Amino acid sequence: NKKELIKNLKNAISENRPDEIVEVTEEYIENGYDSKDAISKGITPGMREIGEKFDKGDIFLPQVMTLGDAVSESSEKLLSTLSEDSEETKEDKIVIGTIEGDIHDIGKGIVQMMLKVEGFDLVDLGRDVPLDDFIEAAKEHEPDIMGSSALMTTTRSGMEELEDMLEEEGLRSEIKTMIGGAPITEHYAEQIGADAYGEDAMDAVEKAKNLV
Ligand code: HCB
């Protein structure tokens, strides 16, 4: 049943069984269960446990890479079932990307897909995005919100720089900013003057809705 499949998905992630992640995801989708629940109750806590194991040195980089690919594939499959259902009009635009120097994009991928599902018009700049490209995209797409993601303490400072660059270009008053990623906190968002902090994908959707 649904609960069991979600538990299997979470365990396949936290116990590092990449093939099983995709298999369980496919079975879940075939049963027609709600993809959002698989993401919030399966993928998110599973990845949290992997993060803890990685921090402790119980799992290593090459394993996390293979696992990361499987999780990305799984979340894309889950979220593609949702986007097909979405009939909302897409008026509010969001440009999102992972800050320069940072290649972590699993979380950003989930966030951007969820925002899309919730009816936002999304421009995903990808990962390791030069700050100048965020500015170019702000000019080209004139988004309501600019979202950025950083998973490392070394790259999150790019978010502060981006705030300054938007200000210097005279764009900051037109665009709201939202930031997120493992080293980001509400306090950090306040400190650099970002408009919102998204703790996870669901929270990011809520915050984005409040910003527009
Ligand atoms: Co990576 N890595 N890693 N890593 N990695 C972290 C992030 C560390 C914390 C692990 C550690 O050492 N404790 C660490 C950073 C330490 C620091 O802060 N300085 C680290 C390091 C050091 C590195 C390398 C430098 C390792 C090396 O090469 N020696 C290297 C980075 C290279 C680079 O970027 N230039 C590296 C590489 C990798 C991969 C490739 C193996 C893989 C990434 C695969 C990929 O993304 N395609 C990876 C992974 C998977 C992790 C951990 C284990 C998990 C990250 C993850 O995907 N979490 C992570 C450990 C951890 O986070 N504690 C570790 C799951 C997602 C769903 O959560 O937080 O990303 P999330 O996103 C959430 C949430 O934050 C929010 O919503 C999402 C969904 O719920 N959110 C937003 C995210 N972005 C948002 C934006 C918004 O606007 C709003 C909300």
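Leaving aside neighbours within four places in sequence, Lys-10 is in contact with Lys-41, Gly-42, Pro-45, Gly-46 and Glu-49. The structure is a predicted model, and the exercises below refer to it.

**Exercise 1.** Determine in which element Lys-10 is found and what distance separates its C-alpha atom from that of Met-47.

*Solution.* Step one: Lys-10 is found in helix 1, which covers residues 2–14. Step two: Lys-10 and Met-47 are 37 residues apart along the chain, and their C-alpha atoms are separated by 8.0 Å.

**Exercise 2.** Describe how the protein chain is divided into domains and characterise the contact between domain 1 and domain 2.

*Solution.* Step one: domain 1 spans 2–85, and domain 2 spans 93–211. Their centres, taken over C-alpha atoms, are 24 Å apart. Step two: 14 residues of domain 1 and 7 residues of domain 2 take part in the contact. Step three: the two domains bury about 900 Å² between them, with 85% of this area on carbon and sulfur atoms.

**Exercise 3.** Identify the polar links between domain 1 and domain 2, and state which elements supply two or more residues to the side of domain 1 that touches domain 2.

*Solution.* Step one: the count between the domains is 1 salt bridge. The count of residue pairs in polar contact, both at pLDDT 80 or more, is 1. Step two: helix 3 (35–56) and helix 4 (61–85) are the elements that give two or more residues to this side of domain 1. Helix 4 provides the largest share, 9 residues. Step three: by residue class, this side of domain 1 comprises 6 nonpolar, 6 polar and 2 charged residues.

**Exercise 4.** Name the salt-bridge partners of Glu-118 formed by Lys-36 and Lys-209, and explain what the pair with Lys-209 ties together.

*Solution.* Step one: a search of the whole structure finds 15 salt bridges. Step two: Lys-36 forms a salt bridge with Glu-118, with the closest N and O atoms 2.9 Å apart. Step three: Lys-209 also forms a salt bridge with Glu-118, and here the closest N and O atoms are 3.0 Å apart. Step four: because Lys-209 lies in helix 9 (residues 201–211) and Glu-118 in the loop between helix 5 and strand 2 (121–124), this pair ties together parts that are 91 residues apart in sequence.

**Exercise 5.** Which protein residue is the donor to the cobalt atom of the ligand?

*Solution.* Step one: the single donor from the protein is His-104, through NE2, 2.2 Å from the cobalt atom. Step two: His-104 is placed in the loop between strand 1 (93–98) and helix 5 (106–117).

Notes. Residues are numbered from 1 along each chain as its sequence is written. This is a predicted model: local features need pLDDT of at least 70, side-chain atom pairs count only at pLDDT 80 or more; totals for chains, interfaces and linings use all residues. Side-chain values use heavy atoms; hydrogens and water are left out. Domain bounds come from an automatic or database domain assignment. Contact means heavy atoms within 4.5 Å. Buried area is the accessible area (1.4 Å probe) that two parts lose on being put together, summed over both. A salt bridge is a side-chain nitrogen of Lys or Arg within 4 Å of a carboxyl oxygen of Asp or Glu. A polar contact is a pair of N or O atoms within 3.5 Å; within protein, one must be able to donate a hydrogen and the other to accept it, and residues adjacent in sequence count only if both atoms are side-chain atoms. Helices (H or I, at least four residues) and strands (E, at least two) are DSSP runs, numbered from the N terminus. Ala, Val, Leu, Ile, Met, Phe, Trp, Tyr, Cys and Pro count as nonpolar, Asp, Glu, Lys and Arg as charged, and the others, Gly among them, as polar. Donors are N, O and S atoms within 2.8 Å of the metal (3.2 Å for Na, K and Ca); water is not among the atoms, so sites may look incomplete.
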